[in-house]
Amino acid sequence: MRTAVIFVGPAGSGKSSLVAAYARWLREAEIPVVTVNLDPAADYVPYRPDVDVRSYVSAREVAAKYGLGPNGALVKSMELAAERLDEILSPVGASDADYVLVDTPGQMEVFIFRDISVRLVDALRRVSDCVYGVFVADATLLRDPADYAFTYVMALSVQLRLGVETAPVINKVDLAPDLQVRGDLVRDVARIRQGLLRRRTLYAEMLRDVVRVLYKYAKQANVPRVSAVTGEGIEDLHKMLHEMSCACGDLS
Ligand SMILES: Nc1nc2c(ncn2[C@@H]2O[C@H](COP(=O)(O)OP(=O)(O)O)[C@@H](O)[C@H]2O)c(=O)[nH]1
Ligand SMILES: [Mg+2]
């Protein structure tokens, strides 16, 4: 049984760090894992990727060849990578990995708005039994109920875009000792809605309704609170993904 997990999130939220920390955790637990770096512009990744898009496409070379600036080169690189996804992911199919951790470009927009995100899900389905998304949020940016609501809405948008169940995860909890999110979606959503209720603005009311929709479709009751630096909560992340994998196949 092989589970592929796509890590998506805004630049700097800790996708690469979390892939590194979770891969380390899995290896220590002797669970076979393969890491995939899909960022063609990364100068540095904090783990040694088993599969690396940079071996196929280099944003720097693309920039020089096509005379593009950094954003143009990144977009073009993603297009080139999208054409070769089956080839790039072939080592995954040949591996004995139970988990495939896919790290996406620092800037999520070059991934999520583009063809490659949907094609990646298809390509991962060909080499694994189930595919999930993890939306990585930065705990230091979660200051009030509107921030929480926005994060959950973003996670739901990613889910709708990728067409796979996508769970929010809150990273960098080591930097946010006052974090209000408890990790229990039922209680957290109730509290977020109450917090928004006190605001009496049109947008707060809109967000409240949107959060209710999210709550209706959320399958995961837990939102893991993790730190890629201290390693806290990584076990909770694993438990959640493991439970999701066990349910894999139950969904139509
Ligand atoms: N304190 C702390 N820093 C983190 C954590 N996760 C990532 N970082 C730092 O946040 C920055 C961005 O992390 P990175 O993994 O590159 O983010 P990405 O752009 O989403 O891949 C780096 O300086 C990391 O060291 C965490 O859990 N705690
Ligand atoms: Mg990264």
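# Reading a predicted model, one feature at a time

Author: Let's start with K172, which is partly exposed because its relative accessible area is 22%. This is a predicted model, so please keep that in mind as we go.

Reader: Thanks! How do I read a word like "partly exposed"? Which cut-offs stand behind it?

Author: Buried means under 20% relative accessible area, exposed means over 50%, and partly exposed lies in between. K172, at 22%, therefore falls in the middle class.

Reader: Where is K172, and what is its phi?

Author: K172 sits in the loop between β6 (166-171) and α9 (185-197). Its phi is near 70°, a positive value in a residue other than glycine.

Reader: Is E30 buried or exposed?

Author: E30 counts as exposed, because its relative accessibility is 72%.

Reader: Let's turn to the ligand. How many residues surround ligand 1, and which are the closest?

Author: The general idea is to ask which residues have a heavy atom within 4 Å of the molecule. Here 15 residues surround ligand 1, and the closest are G12, K15, S17, D174 and A228. Helix α1 (residues 15-28) gives the most to this shell, with three residues.

Reader: What kinds of residue make up the shell around ligand 1?

Author: Sorted by type, the shell holds five nonpolar, seven polar and three charged residues.

Reader: How do I read a polar contact with the ligand?

Author: Look for a pair of N or O atoms within 3.5 Å. In the side chain of S17, an N or O atom is 2.6 Å from an oxygen atom of ligand 1. The side chain of D174 has an N or O atom 2.8 Å from a nitrogen atom of the ligand. With S13 the backbone takes part: one of its N or O atoms lies 3.4 Å from an oxygen atom of ligand 1.

Reader: How much of the area of ligand 1 does the protein bury?

Author: Ligand 1 exposes 570 Å² when taken alone, and the protein buries 69% of that.

Reader: Now the rings. How many aromatic pairs does a search of the whole structure find?

Author: The search finds two aromatic pairs. To name a pair, look at the angle between the ring planes: under 30 degrees is stacked, over 60 is edge-to-face and the rest is tilted. The rings of Y22 and W25 have planes at 35° and centres 6.5 Å apart, so this pair is tilted.

Reader: Where do Y22 and W25 lie?

Author: Both are in helix α1, three residues apart, which is about one turn of the helix.

Reader: Which residue lies over the face of Y66?

Author: That is K76, at 4.8 Å from the ring centre.

Reader: One last topic: sequence separation and distance in space. How far apart are V226 and F113?

Author: Keep the two values side by side. V226 and F113 are 113 residues apart in sequence, and their C-alpha atoms are 27 Å apart in space. For V164 and R191, the separation is 27 residues in sequence and 27 Å between C-alpha atoms. I112 and T140 are 28 residues apart along the chain, with 23 Å between their C-alpha atoms.

Reader: Are V226, V164 and I112 buried or exposed?

Author: V226 is buried at 0% relative accessible area, and V226 belongs to the loop between α10 (202-217) and α11 (234-247). V164 is buried at 4%, in the loop between α8 (145-162) and β6. I112 counts as buried at 6%, and its place is in helix α6 (residues 109-112).

Notes
Residues numbered from 1 in each chain as written. Chains lettered and ligands numbered in written order. Predicted model: local features only at pLDDT ≥ 70, side-chain atom pairs only at ≥ 80, totals over all residues. Heavy atoms only, no water. Polar contact = N/O pair within 3.5 Å; in protein donor to acceptor, adjacent residues only side chain to side chain. Areas by Shrake-Rupley, 256 points an atom, 1.4 Å probe, with all protein chains shown as cover. Helix = DSSP H or I, 4+ residues; strand = E, 2+ residues; numbered from the N terminus. Nonpolar A, V, L, I, M, F, W, Y, C, P; charged D, E, K, R; others polar. Phe/Tyr/Trp six-rings, centres within 6.5 Å; stacked < 30°, edge-to-face > 60°. Lys NZ or Arg CZ within 6 Å of the ring centre and 35° of its normal. Buried < 20%, exposed > 50% of the residue type's maximum accessible area, 1.4 Å probe, protein only.
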